[in-house]
Amino acid sequence: MAESLDTRFAPGRHGKATGAPGVTVRGQAVGLLASVIARRGVAQASASALRSDLDGKALTALGVGPGHWWIVADTAAVSADDLQTRYDGLASVFDLTDSRVVLEIGGPKIRDTLAKLLPIDLHPSAFKTGDVAVTGASHLGVTLWQVADEPRYRLATPRSSFGSFWSAFVAAAAEHGCEVRP
């Protein structure tokens, strides 16, 4: 079978059709993706409130800039409005849930694939589980965070440019075989 460069995001195989896939992809549903930006002069207090608030909860905080975090929850246990109430006076909260597509990506060739797209060092000594990068992929904004050592990442990109990102990703992964899993 010839290599497929069909770039529709749907379960199936892209690129190299034989052997185990070098790259695996899953769409990742998130219950909440919110931007939390500390107000002027209270970044330390905001960070402290955020740390204590996340303790023991199924929320992940991603540092995406000075005094700026993304809060990610796999379920809708908390809303952006809840966060705004909690951080009133400390931070502004914006709901990004519907504005981003989040993918979980992995496989033995994921670093090789991402090296074609991202201008950052993903070597295990430079980028580890828990690390976050706000960067560009094929001239499109992406946020990447590593969720496991094997390695496995989550990647968020604006929904409005997802088609262009996906085309570039499929082309970068084609030589390794890319499998989209349901």
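Student: What makes you say that helix H1 lies across the sheet strands, and at what angle does H1 run to S5?

Tutor: In this predicted model, H1 lies across strands S3 (32-38), S4, S5 and S6. The angle between H1 and S5 is about 15°. Contact here asks for heavy atoms within 4.5 Å.

Student: Which residues of H1 could I look at, and why is Arg51 called buried or exposed?

Tutor: Arg51 lies in helix H1, which covers residues 43-54. Its relative accessibility is 55%. Exposed means over 50%, so Arg51 counts as exposed.

Student: What about Leu54: why is it called buried or exposed?

Tutor: Leu54 is also placed in helix H1. Its relative accessible area is 14%, and buried means under 20%, so Leu54 is buried. Setting aside neighbours within four places in sequence, Leu54 is in contact with Leu59 and Ala61. Leu54 and Ile71 are 17 residues apart in sequence and 9.3 Å apart in space, C-alpha to C-alpha.

Student: How do you know that the sheet is open, and which strands stand at its edges?

Tutor: Let's walk along the sheet. Its 4 strands come in the order S4-S5-S3-S6, and the pairing is antiparallel. Strand S4 (59-65) and strand S6 (91-95) stand at the edges: each has a single partner strand, so one side of each has no neighbour in the sheet. From one strand to the next, the twist averages 25°.

Student: What makes S4 and S5 a pair, and how many bridges are there?

Tutor: Two strands pair if there are at least two bridges between them. S4 and S5 (residues 68-73) have 6 bridges, in the antiparallel sense, so they count as paired. Within this pair you can find Gly63 opposite Trp69 in S5.

Student: Now the aromatic rings. How many aromatic pairs are there, and why is Phe162 with Phe165 called stacked, tilted or edge-to-face?

Tutor: Ring centres must lie within 6.5 Å; planes under 30 degrees apart are stacked, over 60 edge-to-face, and the rest tilted. By this rule the count comes to 7 aromatic pairs. For Phe162 and Phe165 the centres are 6.4 Å apart and the planes 40° apart, a tilted pair. Both residues lie in helix H4 (residues 162-173), 3 residues apart, or about one turn of the helix.

Student: And what makes the pair of Phe162 and Trp166 stacked?

Tutor: The angle between those planes is 20°, under the 30 degrees that stacked requires. Their centres are 6.1 Å apart. Being 4 residues apart in H4, Phe162 and Trp166 are separated by about one helical turn. Together with Phe9, Phe165 and Phe169, they form one aromatic cluster.

Student: How do you know whether H4 has the span expected of it?

Tutor: H4 has 12 residues and reaches 16 Å from its first C-alpha to its last, close to the 16 Å expected at 1.5 Å a residue. Its buried residues are Phe162, Phe165, Trp166, Ala168, Phe169, Val170, Ala172 and Ala173.

Student: One more: why is Thr113 called buried or exposed?

Tutor: Thr113 sits in helix H3 (residues 110-115). Its relative accessible area is 0%, under the 20% cut-off, so Thr113 is buried. Apart from neighbours within four places in sequence, Thr113 is in contact with Val23, Phe169, Ala172, Ala173 and His176.

Conventions: Residues numbered from 1 in each chain as written. Predicted model: local features only at pLDDT ≥ 70, side-chain atom pairs only at ≥ 80, totals over all residues. Heavy atoms only, no water. Phe/Tyr/Trp six-rings, centres within 6.5 Å; stacked < 30°, edge-to-face > 60°. Helix = DSSP H or I, 4+ residues; strand = E, 2+ residues; numbered from the N terminus. Buried < 20%, exposed > 50% of the residue type's maximum accessible area, 1.4 Å probe, protein only. Axes fitted to C-alpha atoms, helices over the stretch in contact; angles between N-to-C directions. Expected span 1.5 Å × (residues − 1).
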